[in-house]
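Here's a walk through one protein model, going from single residues out to the whole chain and back again. Have the viewer open and follow along.

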Amino acid sequence: MACSDVGPSRERISTVLITGAAGNLGSLLARHLLATTAVRLRLMVHRTPLPPDLAAHPRVEWFRADLADSRTLPGRLAGCDSAVHFAGVLFRAQPEKFLPATNTGYFKTLVDAALGDGVRKVILISFPHVEGPTSFARPARGRLDGNPVSMHARTRLAEEQYLIAHVPRPISLRVGMVYGRDILMMRAAQWLARRRLLGVWREPTPIHLISREDFCAAATTAILANDAAGIYHLGDEGRITLQEFLDTACRQWGCAPPWRMPLWLIYLAAGLCETASFFFKVRAPLTRDFIDIGRVSYYGCTAQMRRKLLPRLKYPTLQEGKITL
């Protein structure tokens, strides 16, 4: 549906492009923007159809494009004030072979098209892992010269470097683990937990959480604030490990805690998933690179987020936010 006017307004209504809008976080942010701000959205999808409620909204227009084909983009971004990038490829065997194209290459295509169509603000959804292992004592601070462990993180760092070097108003949102209802990873973990299939490695892994509500609120400010630019770490005030988080989630769901498993067994399961994905052309719910990135401890300094985007969190720690699981 094409964008339509929403009535007389004294302020100019911002037009926001979201790539990967049919995906989990992309669609959640789109709904949050429509519910809380007077924006118009231009939503880009590839093969997955847009959820019906978004496709039918009077302030939404959507289109299909392929970031692998730069010819599908010119002119599509004209008139947009900002572009938010979620699109990518996951759940496929041998991610080291395709991520340089589907992460870094796709993002370069988007940035070049945005600049050609006059879009000056581009927002990349990233994560703290791009700085390599960090900790509560030594948090990530927005460096671009880190040494990431996984291919996911290495290619995302290359995206950040291209963003900062080429876009007049670049924003990278390095997001901690987003939790809450309707988050895809939470739904998958709950499904496994209810069947006693959820497992995790034994070594404690420090992580940085942020609730779905606080992520959407911070991202909205980054999109709309005229003075927002640079790298922001999005996270709450808690200090928790992945194992503690999963134990808390399972208690909230009324399930037994996840199995503590030897690491070799988890890598074996990932290898089997990748093999099945390669030969049968199906999704790989677990890959060895997922485990590589999951094992990295990560925690970011949120001072910039608190100053510029979100002075007060709705859920400062998981203790308050666990009701949303």
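Lys-322 counts as partly exposed, because its relative accessibility is 25%, and the buried class only covers values under 20%. Keep in mind as you look that this is a predicted model. You'll find Lys-322 in the segment that follows helix 11, which spans 318-321. Setting aside residues up to four places away in sequence, Lys-322 touches Thr-248 and Gln-252.

Now zoom out for a moment. The protein comes to 11 helices and 13 strands, and its C-alpha atoms fill a box of roughly 60 × 45 × 40 Å along the principal axes. How does the radius of gyration sit against what a compact globule would have? For 325 residues the globule value would be near 20 Å, and the protein has 19 Å, so the two agree. As for burial, 51% of the 325 residues count as buried. The contact pattern is worth a look too: take the contacts between residues at least 6 apart in sequence, and 78% of them join residues at least 24 apart.

What about the surface and the charges? The accessible surface is about 15,300 Å², with 55% of that belonging to carbon and sulfur atoms. On the charge side, there are 42 positive and 27 negative side chains, and the centres of these two sets lie 2 Å apart.

Ser-172 has its place in strand 6, residues 169-175. Is Ser-172 buried or exposed? Its relative accessible area is 1%, so Ser-172 is buried. Its side chain makes a polar contact of 2.9 Å with the side chain of Glu-160.

Next, move along to the loop between strand 7 (177-179) and helix 5 (184-194), where Asp-182 lies. Check the backbone here: Asp-182 has a positive phi of about 75 degrees, although it is not a glycine. At 42% relative accessibility, Asp-182 counts as partly exposed. Ile-183 lies in that loop between strand 7 and helix 5 as well, but Ile-183 is buried, because its relative accessible area is 4%. Leaving aside neighbours within four places in sequence, the contacts of Ile-183 are Asn-24, Leu-25, Leu-28, Val-178 and Arg-212. Arg-212 is 29 residues from Ile-183 in sequence, with 7.8 Å between their C-alpha atoms.

Arg-196 lies in the loop between helix 5 and strand 8 (199-201). Arg-196 also has a positive phi, about 60 degrees, without being a glycine. With a relative accessibility of 33%, Arg-196 counts as partly exposed.

Further along is Pro-206, found in strand 9, residues 206-207. Which residues does Pro-206 contact once its neighbours within four places are left aside? They are Phe-136, Ile-240, Thr-241, Val-296, Ser-297 and Tyr-298. If you want another distance to check in the viewer, Pro-206 and Val-111 are 95 residues apart along the chain, and their C-alpha atoms are separated by 33 Å.

Asp-214 lies in helix 6, residues 212-224. Asp-214 is buried, because its relative accessible area comes to 3%. The side chain of Asp-214 makes a polar contact with the side chain of Ser-211 at 3.0 Å. Leaving aside neighbours within four places in sequence, Asp-214 is in contact with Leu-310, Leu-313, Lys-314 and Tyr-315. Compare that with Gly-199: 15 residues separate Asp-214 and Gly-199 in sequence, and their C-alpha atoms are 27 Å apart in space.

Technical notes. Residues are numbered from 1 along each chain as its sequence is written. This is a predicted model: local features need pLDDT of at least 70, side-chain atom pairs count only at pLDDT 80 or more; totals for chains, interfaces and linings use all residues. Side-chain values use heavy atoms; hydrogens and water are left out. Helices (H or I, at least four residues) and strands (E, at least two) are DSSP runs, numbered from the N terminus. Buried means under 20% relative accessible area, exposed over 50%, partly exposed in between (1.4 Å probe, protein chains only). A polar contact is a pair of N or O atoms within 3.5 Å; within protein, one must be able to donate a hydrogen and the other to accept it, and residues adjacent in sequence count only if both atoms are side-chain atoms. The radius of gyration is taken over C-alpha atoms; the globule rule is 2.2 Å times the number of residues to the power 0.38. Contact means heavy atoms within 4.5 Å. Accessible areas come from the Shrake-Rupley method with a 1.4 Å probe; for residues, only the protein chains shown count as cover. Lys and Arg count as positive and Asp and Glu as negative; His and the chain ends are not counted. The place of a charge is taken as NZ of Lys, CZ of Arg, CG of Asp or CD of Glu.
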